[in-house]
Each structure stands twice: as C-alpha cells, then as structure tokens.
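Biologist: I am new to this structure and would like to learn how to read it. Could you take me through the main features in turn?

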Amino acid sequence: MVKNKGKKLFSDSIQLEGHQGEINTGKFSHNGEYFCSAGNDKTINIWEVFDKKCQNVNSIIHAHSSPILEIAWSSDDDYIASCSVDKRVTLWDIYNGNYIIKYKEHDNFVYSLDFCENLICSVGEDCSLIINDIRMKSKTNSYQHKYQLTTCKFSDNNSIFFGGIDNQIYKYDIKKGQIDKNFILIGHNDTITGLDISHNNKYLLSNSMDNSLIIWDIQKTGNNLSKKLMGNKHGPEKNLLRCKWNNDDTLVSCGSADKIVHIWDVKLGCIIKNIYGHNGSVNEVDFNSLVPNIISSVSNDNTSIIGYF
C-alpha cells in the first residue's frame, strides 16, 4: 500500500457502524490509509479512512469462534494478526480476507499480541509469552510466567515488554530467551492492560486498572518512572483498555471506561482534550500517521469513531 499525502476525512467526525457487539480493538494501518476493528461479534472489519464514505472494504465474518481481543498490522500493511478467547492467533491476508496461518500454541484465552517484521508475540491467560515467525508454522520461542499476562509490545525485533495481573512490566530478550531481571518496572497497583513504545524508542507508556498511565524511561536502569498521568477510568467490567503515543511523542491517549477519549500533553502532564461521542467504555484509541490530528476510538457501544481533534 502506498502512502499518500494531502488526505482529508469527508466529515470532522465519522461514526463507523457494522459490528454487532462490543468492539475491543481498533488500529490504523501504518500508512494511515486503513482502519481495522474487531470485537465480540468475532468479525474483523477494514475501512478505507479517506474514502468519500469511509467505506468498509473488507469484512472477515467469523474470523474466530470467540470474541477477538486485539489485532495488529504487519509492517507492510499487507497482513493483520488477531488473537481471541478461542486460544488462537491468526494471520490474515487483508486483500482477500483468507487466513494464512492459525497458531494454536496457547492453552487458554489470548489477550494481546503485537507484530514486528516477521515476528508475532502474544500473551494470555495461560501465563505464557509466545513468539511466532510468520515464515514458520510453529512457535520459535516462548516464556512461561507465574501469572496471567494481559498485554505485550515489541520494543524492536530483539526485545518485548509485557505485563499482567502482578502489576509489573517485564522486558524479554528474544535472542537470550529470558527476561532481563535487572529491568522490571514497578509502579502500578493493579493489572497492566496496555503498553506502547514511543516512536523514538526511548519511552514506554503503560495503562493500568489502578486508573493511571505511566511513562517509563526505558533507556535508564533503576528508577525508570518518568511521569504518572491521571484521569482515565477503568470500570467494573475490567476491559483491557489499551494506550497510544501520537506520531511525534508529544501526546498520549488511552481507552477509558467513562466513555471519553482523553488526550494528555506529555510535557505538561495533564489532559488537554476530552472527546465525547461514545455511549460505552472506550477500549482502544489510535493516532493516524498520515494526518496527525486524526484519532480513532472503539467502544462497548458497538461503534468506532474517527475524527479530528
């Protein structure tokens, strides 16, 4: 897919309807041209962001046999990986909607996954971190943790950050096949639900059920906590609310159970924008790479919203 400039939305705020259940995950393609969403209806929808009607260009019906909890785009935007309560991680061709590989390495719910070059990492209820190479049909590496894991994120193709119900964040060295015991991030008081790496690869953003975001300096050892941001909410439904940096690492946002998209200024450490429009928990947000002042959100109200901020 070719990246184009000078694109505009056909409306300042676009509500996408097409799911028949709560939407758990939604992300722009790396080139900003497409948006993918998935959730409890087990369907993956792909939308053309700058089309005159933000057209749904592909729907993969019954992509999984149970709710889909997260999706991730490949670096070239030709593939999407999805993970589900059905214990599977599946790789999809976005052009024809056919699956390429179905990984069945997990023994329980798969809560989160991420894509980096040819590698897919995933974590779940079985307390395991599993790494698959899309050029192979079986797992290439794995790590067994003591507690359930709820989120994971590649730092690069050599390391992965992950967290779960023990409230701590760990760094896994892919080449060594082990966690870095000198690099355990402690600062949250409840389950970690989302992670994201800044584009300059210097900072890690985490979201937690303790109703806080933390920015960590991952170039340091020792006291890595750089800044704590408050204002987001987690509800009794205990959804896995994700978080996101914007394109130049000056803003962050995250899912929030109060139905609001909150945007923080990183330098100021405070919320500078609240976006309303959803009637249920906001589960994931994403910033568009092509037009920096466009943000997306997906919700328990069965809708996604793409708009300017």
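Biologist: How many helices and strands does the chain have?

Modeller: In this predicted model, the chain has 28 strands and zero helices. Its radius of gyration is 18 Å, close to the 19 Å that the globule rule gives for 309 residues, so the chain is as compact as a globular protein of that length. Along the principal axes, the C-alpha atoms fill a box of roughly 50 × 45 × 35 Å.

Biologist: What share of the residues counts as buried?

Modeller: Of the 309 residues, 59% count as buried. The chain exposes about 13,000 Å², and 45% of that comes from carbon and sulfur atoms.

Biologist: How is a pair of aromatic rings described?

Modeller: By the distance of the centres and the angle of the planes. This structure holds nine aromatic pairs. In one of them, the ring centres of Tyr143 and Tyr172 are 5.9 Å apart and the planes stand at 45°, so the pair is tilted. Tyr143 belongs to strand β13 and Tyr172 to strand β16, so the pair ties together parts that are 29 residues apart in sequence. Both Tyr143 and Tyr172 are buried. Ring pairs also link these two with Phe162 and Tyr170 into a cluster.

Biologist: Which angle do the planes of Tyr203 and Trp245 make?

Modeller: Their planes are at 40° and their centres 6.4 Å apart, so this pair is tilted. Tyr203 is in strand β19 and Trp245 in strand β22, so parts 42 residues apart in sequence are tied together.

Biologist: Is Tyr203 buried or partly exposed?

Modeller: Tyr203 counts as partly exposed, at 27% relative accessibility. Trp245 has a relative accessible area of 2% and is buried.

Definitions and conventions: Residues are numbered from 1 along each chain as its sequence is written. This is a predicted model: local features need pLDDT of at least 70, side-chain atom pairs count only at pLDDT 80 or more; totals for chains, interfaces and linings use all residues. Side-chain values use heavy atoms; hydrogens and water are left out. Helices (H or I, at least four residues) and strands (E, at least two) are DSSP runs, numbered from the N terminus. The radius of gyration is taken over C-alpha atoms; the globule rule is 2.2 Å times the number of residues to the power 0.38. Buried means under 20% relative accessible area, exposed over 50%, partly exposed in between (1.4 Å probe, protein chains only). Accessible areas come from the Shrake-Rupley method with a 1.4 Å probe; for residues, only the protein chains shown count as cover. Rings of Phe, Tyr and Trp (its six-membered ring) pair if their centres lie within 6.5 Å; planes under 30 degrees apart count as stacked, over 60 as edge-to-face and the rest as tilted.
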